[in-house]
Amino acid sequence: MLAKAVADVPEPDSVPGGLRYEPKWDGFRGIVTVDGDHVEIGSRGAKPLTRYFPELVDAFRARFGGRDHPVVLDGEVVLRIGEPGHERLDWEALSQRIHPAASRVAKLSALTPAQFVAFDLLALDGEDLTGLPFDERRSRLEGLAGSLTDPLFVTRTTLDVDVARGWLTTFEGAGLDGVVAKRRTKPYEPGKRSMLKVKHHRTADVVAIGYRVHKSGQGVGSLLVGLYGDDGELRQVGGVSAFSDARRLALVDELDAVVLRDEDGRPVTGAGERSRFSSGRDTSFVRLAPERVLEVRYDQMEGARFRHTVQFERWRPDRDARSCGFDQLEVPTAYDLSAVLR
């Protein structure tokens, strides 16, 4: 069951039957099935996650293994870092866990163990619960919560919209992603966007430093953007994409004046950053003189980079590129993750 983005935390009576609110966790969505002593963690994209998180497999087997009927949980695989009292979620550390080498997987499972936060219960004691209203599924899930210990947790929930709106601000300091609103009387609906999600959205002025050609071979596929650090160095912080066909072609002309060229007039290219998610993909880009400023929408930062692809808002010809630094970015107040998990 998926979620549809909305601009604000909705009022509880905005839908028939009312809404129940939960924090939105920032990790890998996972459907966990424990059948006897067999444990499987399936991702939203149908990619098995089981082999990457042996510590979670062991925890699920210890808690639910040996039953006569499968237990099926819906939730999020997350990873926390930091000292006690100052913990937060870390997406980068979590993404490092997806590694092809078994030896590396084993090492990371000990060095950076993951956690699982359950937010729905789909099957228990031979009963398919997906047809029940969410409130009833939640009640069954809470019946398991008392027997769960780290690294297995059950997410908190509230019926109070003001509490949920407070979470949207406060829990960001622990690395959470927003708030989810669920219809209290709805069954579990696989593949449907029956939930509502509210994420953090902010704007920033950034410098265009390059572009990748669209995979069709025509137009701009994505813009690479940067910000100046305190040391005066311009650092790549993310990319802007999702342009229409017409806009992609128009951007080539708009950016032509700032394309860096060699002695023969050919565009200068650079080698883009690679990750395990871009393996085999051409990451080269056309370099731009750092002169054009644009305003973008973003949700949150992950270290010194935008956490997700950002959205183009408008060009800012009134802004000097050198004025676009990290100091303009809003930094959420730190909040201890362990307080959220409690």
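Me: Lys and Arg count as positive here, and Asp and Glu as negative. How far apart are the mean positions of the positive and negative charges of the protein?

Reply: First, remember that this is a predicted model. Then take the two mean positions. For 49 positive and 53 negative charges, they are 3 Å apart.

Me: How many helices and strands does the protein have?

Reply: Seven helices and 21 strands. Along the principal axes, the C-alpha atoms fill a box of roughly 75 × 50 × 40 Å.

Me: What share of the residues is buried?

Reply: Buried means under 20% relative accessible area. Of the 342 residues in the protein, 50% are buried. Now turn to the outside. The protein exposes about 16700 Å², and carbon and sulfur atoms supply 49% of that area.

Me: Is Glu 172 buried or exposed?

Reply: Apply the cut-off of under 20%. Glu 172 has a relative accessible area of 5%, so this residue is buried. Glu 172 sits in the loop between α5 and β11.

Me: Which residues is Glu 172 in contact with?

Reply: Skip the neighbours within four places in sequence. Then the contacts of Glu 172 are Arg 88, Trp 167, His 200, Arg 202, Asp 299, Gln 300 and Pro 332. Now look at the whole protein. Take contacts between residues at least 6 apart in sequence: 68% of them join residues at least 24 apart.

Me: Is Ala 271 buried or exposed?

Reply: Exposed means over 50%. Ala 271 has 75% relative accessibility and therefore counts as exposed. Ala 271 is in the loop between β16 and β17. Compare its place with Tyr 298, 27 residues along the chain: the two C-alpha atoms are separated by 24 Å.

Me: How do I read a helix? Which residues of α1 are buried?

Reply: Start with the general idea. An α-helix has 3.6 residues a turn, so residues three or four places apart point the same way. Now the case. Helix α1 covers residues 54-64, and its buried residues are Glu 55, Leu 56, Val 57, Ala 59, Phe 60 and Phe 64. Just after α1 comes Gly 66, with a positive phi of about 85°.

Me: And a pair of strands? In what sense do β14 and β15 pair?

Reply: In a regular strand, side chains alternate between the two faces of the sheet. Here, β14 (residues 220-228) and β15 (residues 234-240) pair in the antiparallel sense, over six bridges. Gly 226 stands opposite Gln 236 in β15.

Me: What lies between the strands of this hairpin?

Reply: Five residues lie between β14 and β15. In this hairpin, Gly 232 takes a positive phi near 85°.

How values were computed: Residues are numbered from 1 along each chain as its sequence is written. This is a predicted model: local features need pLDDT of at least 70, side-chain atom pairs count only at pLDDT 80 or more; totals for chains, interfaces and linings use all residues. Side-chain values use heavy atoms; hydrogens and water are left out. Helices (H or I, at least four residues) and strands (E, at least two) are DSSP runs, numbered from the N terminus. Buried means under 20% relative accessible area, exposed over 50%, partly exposed in between (1.4 Å probe, protein chains only). Contact means heavy atoms within 4.5 Å. Accessible areas come from the Shrake-Rupley method with a 1.4 Å probe; for residues, only the protein chains shown count as cover. The place of a charge is taken as NZ of Lys, CZ of Arg, CG of Asp or CD of Glu. Two strands pair if DSSP finds at least two bridges between them.
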